[in-house]
Amino acid sequence: TQSTWGRVARYKALGHQVVVVVSAMSGETNRLISLAKEIMADPDPREPDVMVSTGEQVTIGMTALALMELGIRAKSYTGAQVKILTDDAYSKARILDIDQHHLKKDLDDGYVCVVAG
């Protein structure tokens with residue numbers, strides 16, 4: 001939302017390095033889960049997780065574009081691009097490790113990093 005983008009812009013203007021973690025837009029996760037349940041009443045949890053991640057991908061791209069429109073250098077990242085390692089508890093996975101290499105480089109280069117969460 002615009003209030004989020006404004007908050008990010010303020011922190012960036014103060015000289016902070018910023019990583020923004022966003023999820024799908026309101027209602028999108030429920031819509032995608034409903035689609036999965038139209039196909040299979042009790043789907044294997046892995047596949048709805050894959051579907052839900054597409055909603056997050058839309059949001060990271062939109063957020064990065066909105067920040068760019070405000071004159072802020074921004075890059076979007078999926079969990080795989082950041083290399084977030086989780087356990088295999090689909091729909092409630094816990095983070096085990098995050099490879100910070102790419103994020104640190106881009107933060108040092110002045111980018112706001114927008115990560116799917």
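1. Asp106 sits in helix α5, which spans residues 101-108; helices here are DSSP runs of H or I with at least four residues, strands are runs of E with at least two, and both are numbered from the N terminus. The model is predicted, so that local features need pLDDT of at least 70 and side-chain atom pairs count only at pLDDT 80 or more, while totals for chains, interfaces and linings use all residues. Residues are numbered from 1 along each chain as its sequence is written, and side-chain values use heavy atoms, with hydrogens and water left out.

2. Asp106 counts as buried because its relative accessibility is 7% (buried is under 20% relative accessible area, exposed over 50%, partly exposed in between, with a 1.4 Å probe and protein chains only). Leaving aside residues up to four places away in sequence, Asp106 touches Lys75, Tyr77, Tyr111 and Cys113, where contact means heavy atoms within 4.5 Å.

3. Asp88, by contrast, is found in the loop between β3 and β4, and Asp88 is exposed, with a relative accessible area of 62%. Asp88 lies 42 residues from Arg46 in sequence, and the C-alpha atoms of the two are 8.9 Å apart in space.

4. Helix α3 gives eight residues to the lining of the largest pocket, the largest share. By class, this lining has 18 nonpolar, seven polar and eight charged residues; Ala, Val, Leu, Ile, Met, Phe, Trp, Tyr, Cys and Pro count as nonpolar, Asp, Glu, Lys and Arg as charged, and the others, Gly among them, as polar. A pocket is an open set of points on a 1 Å grid over the protein atoms alone, where a 1.4 Å probe fits, with protein on both sides within 12 Å along at least five of seven lines, and lining residues have an atom within 4 Å of a point.
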